[in-house]
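Dear colleague,

I am handing over the structure below, together with some notes on what was found in it. Please read the notes with the model open beside them.

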Amino acid sequence: MSRRGKGKLAVDRVQTGIRVEKRILKVLKGLAEYHDLSIGDLLEGIVLHAFEGKSAFRDEASLNVIADLKRIYGLDLNAEASHRLVDGE
C-alpha cells in the first residue's frame, strides 16, 4: 500500500470496538508498523482496495512481510476460512 494521491481528503472518523481473531490482529499490527501506519489507516486502505476488487498489497516486499508475520504468529487461516470462523468456547 502506498500513500499516493493528489492531496489530503478530510473524512469523519468514528471510534469503534471490533472483535477480530487474535492472530489476524497481531499480523495487522505488525504490518501497520512495517508501513508506518496506524492500524485504522491500514484497515481503511485494505477495505477501500477490496471494495474495488483490488489487493492492497501487490509488492513482493509487503507480501513477504505478511508471510513472515503469519508464520511468526501461527496464522494458518486463509480466505476460504473467512466464512467459517466462530468464537471459541
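The protein chain has a secondary structure of three helices and zero strands, where helices (H or I, at least four residues) and strands (E, at least two) are DSSP runs numbered from the N terminus. This is a predicted model, in which local features need pLDDT of at least 70 and side-chain atom pairs count only at pLDDT 80 or more, while totals for chains, interfaces and linings use all residues. Residues are numbered from 1 along each chain as its sequence is written, and side-chain values use heavy atoms, with hydrogens and water left out. The elements run α-α-α from the N terminus on, and the C-alpha trace of the protein chain spans about 45 × 30 × 25 Å along its principal axes.

Next, the helix packing. The axes of α1 (residues 22-34) and α3 (residues 60-72) lie 9 Å apart, and the two helices pack at an angle of about 145°; axes here are lines fitted to C-alpha atoms, for helices over the stretch in contact, and angles run from 0 to 180 degrees between N-to-C directions. In this contact (heavy atoms within 4.5 Å), V27, G30, L31 and Y34 of α1 meet A61, S62, V65, I66, L69 and K70 of α3. By class, the contact of α1 with α3 has seven nonpolar, two polar and one charged residues, with Ala, Val, Leu, Ile, Met, Phe, Trp, Tyr, Cys and Pro counted as nonpolar, Asp, Glu, Lys and Arg as charged, and the others, Gly among them, as polar.

Helix α1 also meets α2 (residues 39-51), and their axes come within 9 Å and cross at roughly 100°, which makes α1 roughly perpendicular to α2 (a term for angles of 65 to 115 degrees). L25, L28, K29, L31 and A32 of α1 make this contact with I39, L42, L43 and I46 of α2, and by class the contact of α1 with α2 has eight nonpolar, no polar and one charged residues.

Finally, the second largest pocket holds about 580 Å³ of space; a pocket is an open set of points, on a 1 Å grid over the protein atoms alone, where a 1.4 Å probe fits, with protein on both sides within 12 Å along at least five of seven lines, and lining residues have an atom within 4 Å of a point. The volume is the space filled by probe spheres set on the points, which are joined across faces, edges and corners. Its lining has 19 residues, of which I24, K70, L75, N78 and A79 lie nearest the centre, and α1 gives the largest share, four residues. The residues of this lining divide into 14 nonpolar, three polar and two charged.

With best wishes

Definitions and conventions:
Angles under 35 degrees count as roughly parallel, over 145 as roughly antiparallel, 65 to 115 as roughly perpendicular and the rest as oblique.
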